[in-house]
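Subject: Structure for you to look at

Hello,

Here is the structure I said I would pass on. Please open it beside this email and follow along.

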Amino acid sequence: MFLEEGAAKAILARAGVRVPGGARATTADEAAEAARAVGRPVVVKAQVPAGRRGKGGGIRFAATPDDARVAAQDLLGSDVSGFRVDAVRVEARVDIARELYAAVVTDAARRCPVLLFSTEGGVDIEETFAVRPGAVIQRPLDIRRPLEVAEAEAALGGAGLGPAAAGVARLLSTLYAVYRSTDADLVEVNPLALEPGGGVVALDAKVVIDDAAVGRHPELPKPAHAGTELERRGAEQGLLFVELDGDVGVLANGAGLTMATMDAVAHFGGRPANFLEIGGQNYRRATEALGLVLANPRVKSLLVNLCGAYARTDVIIEGFLAGWEALAPSLPVAFSIHGTGEARAIELVKARLGITPCDLMDDAVRAAVEAARQRS
């Protein structure tokens with residue numbers, strides 16, 4: 001569950017993290033009134049469950065309440081990162097001496113939470129890590145105990161924060177406390193601002209709660225968005241579809257196999273574009289599932305990974321091929337097909353697409369990742 005920025009900041013503020021003063025607004029007049037209450041220049045931010053809002057035009061600066069009204073009018077009802085903007089957050093601008101990055105994230109490979117910190121905040125941390133891995137401090141954490149401030153300060157080591165190190169260490173300790181207490185998958189502050197006087201302020205906040213743990217936390221707010229347009233379309237069709245920010249489309253039968261396929265894509269250097277489960281009663285619905293995956297404009301290649309037990313892979317492939325021929329996409333596709341009906345399914349793919357499915361799943365994953373990389 002991806003919490004809206006304002007809700008995430010409220011959680012951090014209750015834990016003792018400083019955040020800019022502000023308010024949520026759903027109309028332009030409310031935005032102007034919120035700016036008037038702040039009494040100084042403000043930032044008007046689209047409230048959507050996505051990162052990179054600045055690049056998507058979802059963050060505006062306003063010197064006066066009238067400017068805030070205009071900014072809100074422009075943002076409300078628009079599309080930012082694939083989401084309709086139904087609300088904005090109006091909050092005080094902060095004098096910034098330096099922008100940092102801080103987060104606690106669940107690391108599947110390490111099987112533990114990991115503390116992340118970088119002095120290069122305000123940018124895409126994935127790009128920073130890819131180009132300069134040493135610019136991001138990583139410290140695996142023990143989920144059974146809190147992170148002491150002294151440990152956090154030691155982890156900062158040579159970050160060169162000077163007198164601000166103690167304040168940043170306290171914030172890191174608090175982020176981990178929030179992570180543990182809310183059953184989060186991610187608690188992130190980017191950018192984390194250092195003020196000229198040495199203060200530490202969370203300019204933005206992202207909190208993602210493990211869906212399986214939501215029932216244990218009735219105190220948490222409900223998400224303001226019901227998902228992206230494609231996620232809503234999937235729900236209407238009875239399909240569990242989660243849109244991600246990668247470029248390798250994934251179509252697999254069963255939740256476990258789908259998650260394993262996504263992990264394999266990441267393992268071989270790619271980024272999955274979706275989670276989509278077509279197991280159970282949905283195994284005949286490959287045509288609808290394919291339409292959802294291909295409707296994502298970020299998808300550069302498609303990976304079809306089928307393993308049949310009760311579900312017949314040849315039945316799934318028949319539906320897939322019908323959808324493929326109806327939609328006539330031009331992107332490359334790689335197949336891995338095993339289990340019940342595999343011989344006939346493989347022959348269908350060869351005969352109608354001229355493609356030979358891979359013998360091993362890893363080979364299909366590598367092919368799809370490389371195809372997406374080339375097209376990008």
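Predicted model: local features only at pLDDT ≥ 70, side-chain atom pairs only at ≥ 80, totals over all residues.

Residues are numbered from 1 along each chain as its sequence is written, and side-chain values use heavy atoms, with hydrogens and water left out.

The cores

A nonpolar core here is a set of buried Ala, Val, Leu, Ile, Met, Phe, Trp, Tyr and Cys residues joined through side-chain atoms within 4.5 Å. Buried means under 20% relative accessible area, exposed means over 50%, and partly exposed is in between (1.4 Å probe, protein chains only). The largest such core has 39 residues, and Phe117, Leu161, Val168 and Leu172 have the most contacts inside it. Elements giving two or more residues to this core include α1 (5-14), β7 (98-107), α5 (149-156), α6 and β10 (184-194). These helices (H or I, at least four residues) and strands (E, at least two) are DSSP runs, numbered from the N terminus. The largest share of the core, nine residues, comes from α6. Contact means heavy atoms within 4.5 Å. Not counting residues up to four places away in sequence, Val168 touches Leu100, Phe117, Leu156, Leu161, Leu194 and Val200. A second, separate core of 30 residues includes Phe241, Leu276, Ala286 and Leu348.

Helix α6

Ser173 is also found in helix α6. Is Ser173 buried or exposed? Ser173 counts as buried because its relative accessible area is 15%. Leaving aside neighbours within four places in sequence, Ser173 is in contact with Leu147, Glu148 and Val149.

The whole structure holds three aromatic pairs. Rings of Phe, Tyr and Trp (its six-membered ring) pair if their centres lie within 6.5 Å; planes under 30 degrees apart count as stacked, over 60 as edge-to-face and the rest as tilted. Tyr176 and Tyr179 form a stacked pair, 5.9 Å centre to centre with 25° between the planes. Both lie in α6 (residues 165-182), three residues apart, which is about one turn of the helix. Tyr176 is buried at 1% relative accessibility, and Tyr179 is buried at 6%. Elsewhere, Phe320, Trp324 and Phe335 form one aromatic cluster.

Helix α1

Seven of the ten residues of α1 are buried, so this helix is mostly covered. The buried ones are Glu5, Gly6, Ala7, Ala8, Lys9, Ile11 and Leu12. Among the elements that cover them are β2 (42-46), β6 (88-92) and α6. Just after α1, Gly16 takes a positive phi of about 110°.

Helices α2 and α3

The axes of α2 (residues 28-38) and α3 (residues 65-75) come within 8 Å and cross at roughly 145°. Axes are lines fitted to C-alpha atoms, for helices over the stretch in contact, and angles run from 0 to 180 degrees between N-to-C directions. The residues that make the contact include Ala28, Ala32 and Arg36 of α2 and Pro65, Ala68 and Gln73 of α3.

Glu231

Glu231 lies in helix α7 (residues 229-236) and counts as buried at 18% relative accessibility. Not counting residues up to four places away in sequence, Glu231 touches Phe241, Val242 and Glu243. Glu231 and Leu292 are 61 residues apart in sequence and 8.5 Å apart in space, C-alpha to C-alpha.

Regards
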